[in-house]
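Subject: Structure handover

Hello,

Here is the structure you are taking over. Please open it before you read on.

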Number of protein chains: 6
Amino acid sequence: MAEERERGLFVGRFQPLHEGHRRVIETLGGEVDELLVGVGSAGRSHSVDDPYTGGERVEMVLRTAEATDVAAPVHPVPLRDVDRNAVWVSHVRSLCPEFSVVYSHNPLVVRLFREAGVPVGAFPTYDRERLEGTRIRRRMLDGEPWRDLVPGPVVDVVEAVDGVERLRRVDRDDAADVDRVPGTPDVGDDE
Amino acid sequence: MAEERERGLFVGRFQPLHEGHRRVIETLGGEVDELLVGVGSAGRSHSVDDPYTGGERVEMVLRTAEATDVAAPVHPVPLRDVDRNAVWVSHVRSLCPEFSVVYSHNPLVVRLFREAGVPVGAFPTYDRERLEGTRIRRRMLDGEPWRDLVPGPVVDVVEAVDGVERLRRVDRDDAADVDRVPGTPDVGDDE
Amino acid sequence: MAEERERGLFVGRFQPLHEGHRRVIETLGGEVDELLVGVGSAGRSHSVDDPYTGGERVEMVLRTAEATDVAAPVHPVPLRDVDRNAVWVSHVRSLCPEFSVVYSHNPLVVRLFREAGVPVGAFPTYDRERLEGTRIRRRMLDGEPWRDLVPGPVVDVVEAVDGVERLRRVDRDDAADVDRVPGTPDVGDDE
Amino acid sequence: MAEERERGLFVGRFQPLHEGHRRVIETLGGEVDELLVGVGSAGRSHSVDDPYTGGERVEMVLRTAEATDVAAPVHPVPLRDVDRNAVWVSHVRSLCPEFSVVYSHNPLVVRLFREAGVPVGAFPTYDRERLEGTRIRRRMLDGEPWRDLVPGPVVDVVEAVDGVERLRRVDRDDAADVDRVPGTPDVGDDE
Amino acid sequence: MAEERERGLFVGRFQPLHEGHRRVIETLGGEVDELLVGVGSAGRSHSVDDPYTGGERVEMVLRTAEATDVAAPVHPVPLRDVDRNAVWVSHVRSLCPEFSVVYSHNPLVVRLFREAGVPVGAFPTYDRERLEGTRIRRRMLDGEPWRDLVPGPVVDVVEAVDGVERLRRVDRDDAADVDRVPGTPDVGDDE
Amino acid sequence: MAEERERGLFVGRFQPLHEGHRRVIETLGGEVDELLVGVGSAGRSHSVDDPYTGGERVEMVLRTAEATDVAAPVHPVPLRDVDRNAVWVSHVRSLCPEFSVVYSHNPLVVRLFREAGVPVGAFPTYDRERLEGTRIRRRMLDGEPWRDLVPGPVVDVVEAVDGVERLRRVDRDDAADVDRVPGTPDVGDDE
């Protein structure tokens, strides 16, 4: 029966998915019967903070889980933003199979789920100094080594989409700021 | 390498996932290396045409694929609507890992992907007379047998959310139409 | 202290607010310490089903509550639609002061609040045959008497905005359907 | 000086632009110094009621104005829908150069501009029996002659996008309604 | 008659409502027959700049007006953002009962209403040095006294929702910025 | 025939259109048969970065093209933002007549069109030191001369809308930041 297995939701942006994420997935896969991986801000891409599309990050999760010996099945769920924190939890719940515990080190995610009465589980971080999205993107931009900080399949995904060059392009845009492009995340949504 | 495997996308709404869908998944799983299942209108729920949430339908796909001996891995991807057909294909592409072929019997989906130059694959339908979402929802509403028309795990999901009663509730609303609820799909989004 | 008083939420569209609504407000005002009146589909106006703006309907509630001897304070809250039933309850909750009971005869509203664990209170309807929004709008369109079916202040609001003529205009549009206007509720939002 | 010339706005959907529209443009071009042509529901396409994209219809306007001896310059402005009639006029105004008169036979457009205090100009219709979007699309669907009902450049645009076949495709979808596509205008936007 | 009374609209965000706001409400209540209080950015919450939900702020207005001896009735109206300044005035107008004067010290609000021809009224500020939202939130974050800067009922509302802790949580998130949460106001809406 | 002429799209925000833009339009008009000018972020206005409405900027393009001896017809197309870079190209394509080449010096625009397989054309910039939107707005704010940096018709448009004063108003708002207005572009859209 569907409701009998313990399902956990691990939330992140995975820009890109790095070794720290991989180890968390491996660890959590040993604690639940099924692990959902919420790919946050799934509609964002081609910006300095969010270079990769939701689909590219879904693939990072799938390929990494495959390559890692995770005890439980791992299912990525792309989650586009809704710009209202007060409805964000119900938004996430409506797009995921039912889960009983949430894993995140993001204080706002933790806060929102706690206010909604959803249990938030504890889990370790790994080598946060080195393994952190902002720093890895910075290394990519600066031409420093980054491949050893992410799982092998992530290197494949990044290279398949020419992802370092993409990041450099959009960074140059931000740096110059001469003619801000219509529709970038900096500009916001005019719907 | 990620780009070497043939990946197909099967698009549907799965309200609910029925035996016809299950057989298509089984068939397509024998033709591609990996099968993405796009769960359309993932943001819709609690209406006569779309009773189940995106997450409930993601679960229907996961549990059905698990219970069926599908040759290839099956990954559901919830796809919320964007109300502009002209950008729909790029919306889908941005949320899915790259795919090389699309499967759908919906003429508009076929048309949109063809205009975008994406190959659309052929596949059989199974017993369309009986296995069709509208008819199954009608049977649920009328109190006629429906369980034999959907895979066992779908019965579980529907029952776990009291899904037949939910459907009847929202149908009564539509029938009476006395005091249309704010925010129903019939009303549309006024944002 | 804020949290000590019992607050109820009565949800409707009030197109227009009629005598039946007025009596419900009067009745509920005797049962709670404070009555919130959720003005649904507040962003809709100038259509056959939703002729009056959210603001015009907020005024109908204010003026009617003022003219009626309601035991408890009455506070209207305009609620624009969100076209996702699964997040609607949290949307409403985020825009209203905390309430402990909901009043509605709409089956979907009842269903959504029940699924969210919010108590739904019982209350009588009054002369539903005559007092029903669709019928009152029909009478306005057909030039039949309607003023005795709504509270006096509602007559004032409708007349101040030339509201019967407005309704006839938009109805003619629907009837002819010759050149559907861009952006009508029938067309939906293409953002 | 910019503000000295009289500018008029003619609003339509142009699905497709037909001979009646062309004659109105020709007539109005003799009455104002500059004619804006608002292309309504510009974000809609690939549906039975709205088969052509905003850009395709912008091109119909440009090519038709070019081929017609219009006295004043003609400038198309694509106008995506906003699903709130109460803000529609300010939406249109913010996207168009300032105009002093509006032309439309649509009662709701007329009503909204009048409530906003914008003058609405009179103009003749031409052979409405034959020249009406719904009927022309019907003829396209039924394989009856339609080319003589639209200006020559519109025939070119429709054929360049295989526009009759596109219309038939989406119609078949509506007719069958077997597996409603995610994201069609019929489904609405769930963002 | 509805149109005979002078109604004013006071616009603010009230994050949180402070003593300065309270005195303005008191003052304006002596100048108009009815005072609407527009609660701006009503959809925002759980961020450093906008910690409290629209509903919590509606309650701050209601309770404060109740506790203050305001000469005129005070009615809060939650106003969610529309990200287009050019339609913002008509958005506000469509959600509020008709008003004849606007009160705001925000230069953009003043500008937008003036461009729309709505009179903007003068009113004093009170002790702006101390009574300013940003500073009060800063004091909450820094553990400095803040209760004497807001009306008593606002203290109640903040404490009922554990509002200082909520603010600290989301601030920590901003400070660390390690794993930006999906859907925060900093991220924007990707619809 | 429509498809025979070479059509180019020049993308910019034109806040305001300056001499550098004018020269690019003049140059490109000599290279294509028809020049589309995409007016980006067309829904933005009344902010420091985007002071002028889409319509005001459409008018800048029309009047400047008229006053310049451009070899090819010039057609402005207002393009509102969609806050998803991954669908931006298909959004632009759906609102413009078909074009075969794009002109932009913005690295992200270039990147997005290249990923979509659309040719991006080369063109010179002119005196970028002086001719740059940010600097011209800065001069307007600082009361320094700016009229010689923009075409004469742009001076007319700016003055007709009291555009320097508008810019100063919204800047004061940003500087002070005391009471951020609901719904400014800085705040984002909470729909």
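Below is what was found in it, taken chain by chain and feature by feature.

The model is predicted. Please keep that in mind throughout.

**Chain A overall**

Start with chain A. Its secondary structure comes to 7 helices and 5 strands. From the N terminus on, the elements run β-α-β-α-β-α-β-α-β-α-α-α. Chain A has 191 residues, and 61% of them count as buried. Now take the contacts in chain A between residues at least 6 apart in sequence. Of these, 74% join residues at least 24 apart.

**Val77 in chain A**

One residue shows such a link well. Val77(A) sits in strand β3 of chain A, residues 74-78. Is Val77(A) buried or exposed? Val77(A) is buried, because 27 other C-beta atoms lie within 10 Å, and 20 or more are enough to count. Look next at Gly38(A). Along the chain, Val77(A) and Gly38(A) are 39 residues apart, yet their C-alpha atoms are separated by 4.9 Å.

What does Val77(A) touch, leaving out residues up to four places away in sequence? In chain A the list is Leu36(A), Val37(A), Gly38(A), Val39(A), Leu95(A) and Cys96(A). Val77(A) also touches Val58(B) and Pro78(B) in chain B.

**Helices α1 and α2 in chain E**

Move to chain E. Helix α1 covers residues 19-29. Its buried residues are Gly20(E), His21(E), Arg22(E), Val24(E), Ile25(E), Leu28(E) and Gly29(E). What covers them? The cover includes β1 (7-12), β2 (34-39), α2 (54-67), β3 (74-78) and β4 (101-103), which belong to chain E.

Helix α2(E) comes next. It has 14 residues, and at 1.5 Å a residue they should span 20 Å. The end C-alpha atoms are 20 Å apart, so the two values agree. Of the 14 residues of α2(E), 12 are buried, so the helix is largely enclosed by the rest of the structure. The buried ones run through Gly54(E), Gly55(E), Glu56(E), Arg57(E), Val58(E), Glu59(E), Met60(E), Val61(E), Leu62(E), Arg63(E), Thr64(E) and Ala65(E).

Which elements do they pack against? In chain E, the partners are α1, β2, β3 and α6 (152-160).

**A buried loop residue in chain E**

Asp81(E) lies in the loop between β3 and α3 (85-95) of chain E. Asp81(E) counts as buried because it has 26 C-beta neighbours inside 10 Å. Asp81(E) and Leu28(E) are 53 residues apart along the chain, and their C-alpha atoms are separated by 24 Å.

**A helix pair in chain D**

Two packed helices are described by the angle between their axes and the distance between the axes. In chain D, helix α2 (residues 54-67) packs with helix α6 (residues 152-160). The angle is about 150°, and the axes are 8 Å apart. The helices α2(D) and α6(D) are therefore roughly antiparallel to each other. The crossing of α2(D) past α6(D) is right-handed.

Which residues make the contact? From α2(D) come Glu56(D), Glu59(D), Met60(D), Arg63(D), Thr64(D) and Ala67(D). From α6(D) come Gly152(D), Pro153(D), Val154(D), Asp156(D) and Val157(D). By type, the contact residues divide into 5 nonpolar, 2 polar and 4 charged.

**Backbone points to check**

Most residues other than glycine have a negative phi, and most peptide bonds are trans. Here are some exceptions.

- Ser41(D) has a positive phi, near 50°, and is not a glycine. Ser41(D) is found in the loop between β2 (34-39) and α2 of chain D. Ser41(D) is buried, with 28 other C-beta atoms within 10 Å.
- Ser41(F) has a positive phi of about 45°. Its loop lies between β2 (34-39) and α2 (54-67) of chain F. Ser41(F) is buried, with 28 other C-beta atoms within 10 Å.
- Gln15(A) and Pro16(A) are joined by a cis peptide bond, with omega about -5°. Pro16(A) lies in the loop between β1 (7-12) and α1 (19-28) of chain A.
- Gln15(F) and Pro16(F) are joined by a cis peptide bond, with omega about -5°. Pro16(F) lies in the loop between β1 (7-12) and α1 (19-29) of chain F.

Best wishes

Terms used. Residues are numbered from 1 along each chain as its sequence is written. Chains are lettered from A and ligands numbered from 1 in the order in which they are written. This is a predicted model: local features need pLDDT of at least 70, side-chain atom pairs count only at pLDDT 80 or more; totals for chains, interfaces and linings use all residues. Helices (H or I, at least four residues) and strands (E, at least two) are DSSP runs, numbered from the N terminus. Two residues are in contact if their C-beta atoms, placed from the backbone, lie within 7 Å. The expected span of a helix is 1.5 Å times one less than its number of residues. Axes are lines fitted to C-alpha atoms, for helices over the stretch in contact, and angles run from 0 to 180 degrees between N-to-C directions. Angles under 35 degrees count as roughly parallel, over 145 as roughly antiparallel, 65 to 115 as roughly perpendicular and the rest as oblique. A crossing is left-handed if the near helix is turned anticlockwise from the far one by less than a right angle, and right-handed if clockwise. Ala, Val, Leu, Ile, Met, Phe, Trp, Tyr, Cys and Pro count as nonpolar, Asp, Glu, Lys and Arg as charged, and the others, Gly among them, as polar.
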